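Me: I'm new to reading protein models. Could you walk me through this one, feature by feature?

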Amino acid sequence: LCLIVSSVIIYKSKSQQITAEETKSIQYILYLGIFSVIFWMGFEQAGGSLTLFTDTKVNRNLFNFTIPTTFFLAINPLIIITLGMILARLWTRLEKNYAITTPLKMSGGLFLLGLGFFVLAILQNKDQIHFSWIILIYFFHTLGELCLSPTSLSKVSSVAPDRLRSFMLGVWFLTFAIASYLAGMLPIITQSFNVNLFSFLAIISIVSCIVLIFLNKFINKLIL
């Protein structure tokens, strides 16, 4: 991602003379983009590994009804509809008294993602897990999405240089494409190295959260 964007920026800088301030804004977006890839790489397991886990390891019986595996994919949009406005108002209130930057919000999203995978890593060797655990995992992951996705997209659109805004938004959405590809490849890669997928995602998410917290001041200096 950085190589592609850097090449384009170098090309554009020769023809349009990108200023130092614009360069810093672009660097800010690229830093956030790296952590965006890590988040979505784990989050998109919902359409693959997490669904397979739900289908094979989870007791989906509710009274005399067996809940279809695909029904659990509806948990994410339901939580977004329920909590989206509440969380938006919470950010507004908190920002009146605390300096909660976008990197810190994203780190919260990564922590919640890692927490969900940590629960999965503990449960994965058990059979007939109650379906409430899957609901809890989707809750953690969706809450993480609400911390990271709308806040980062809003920040990217506001800090991107005016004449490069469309291009930088395209770069931002490119992180989703890269993450989706990696999400599909990751189970194969971890299996080939005999590494547990859920444990790996839990560790990399939590470590990324900590790294982003430490980089918070450095990243924000780029747009001050």
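Predicted model: local features only at pLDDT ≥ 70, side-chain atom pairs only at ≥ 80, totals over all residues.

Me: What is the phi of glutamine 128?

Reply: Phi is about 55° at glutamine 128, a positive value, although the residue is not a glycine.

Me: Is glutamine 128 buried or exposed?

Reply: Exposed counts as over 50% relative accessible area. Glutamine 128 has 53%, so it is exposed.

Me: Which loop holds asparagine 194, and what is its phi?

Reply: Asparagine 194 lies in the loop between α7 and α8. Its phi is near 55°, again positive in a residue other than glycine. Asparagine 194 is exposed too, with a relative accessible area of 74%.

Me: On to helices. How do I read the packing of α4 and α6?

Reply: The general idea goes like this: two packed helices are described by the angle between their axes and the distance between the axes. Here, helix α4 (residues 75-94) packs on helix α6 (residues 131-159) at an angle of about 50°, and their axes are 9 Å apart. That makes α4 oblique to α6. Their crossing is right-handed.

Me: Which residues of α4 and α6 meet?

Reply: From α4 you have Ile75, Ile79, Leu83 and Trp91, among others, and they meet a set in α6 including Ile135, Phe139, Leu143 and Leu146. Sorted by class, the residues of this α4 contact with α6 are 12 nonpolar, 4 polar and 1 charged.

Me: And how do α2 and α6 cross?

Reply: The axes of α2 and α6 come within 11 Å and cross at roughly 160°. Over 145 degrees counts as roughly antiparallel, and that makes α2 roughly antiparallel to α6. This crossing is left-handed. The contact of α2 with α6 has 8 nonpolar, 5 polar and 2 charged residues. Tyr28, Ile29 and Trp40 are among those from α2, while α6 brings residues including His141, Leu148 and Val156.

Me: Which residues touch the most other members of the largest nonpolar core?

Reply: Ile29 and Phe53 do, out of 59 residues in that core. Elements giving two or more residues to the core include α2 (20-43), α3 (49-57) and α8 (197-221). α2 gives the most, with 12 residues.

Me: What is isoleucine 29 in contact with?

Reply: Leave aside its neighbours within four places in sequence, and isoleucine 29 is in contact with Val156, Val159, Ala160, Met168 and Trp172.

Notes:
Residues numbered from 1 in each chain as written. Heavy atoms only, no water. Axes fitted to C-alpha atoms, helices over the stretch in contact; angles between N-to-C directions. Helix = DSSP H or I, 4+ residues; strand = E, 2+ residues; numbered from the N terminus. Parallel < 35°, antiparallel > 145°, perpendicular 65-115°, else oblique. Left-handed = near helix turned anticlockwise from the far one by under 90°. Contact = heavy atoms within 4.5 Å. Nonpolar A, V, L, I, M, F, W, Y, C, P; charged D, E, K, R; others polar. Core = buried A, V, L, I, M, F, W, Y, C linked by side-chain atoms within 4.5 Å. Buried < 20%, exposed > 50% of the residue type's maximum accessible area, 1.4 Å probe, protein only.
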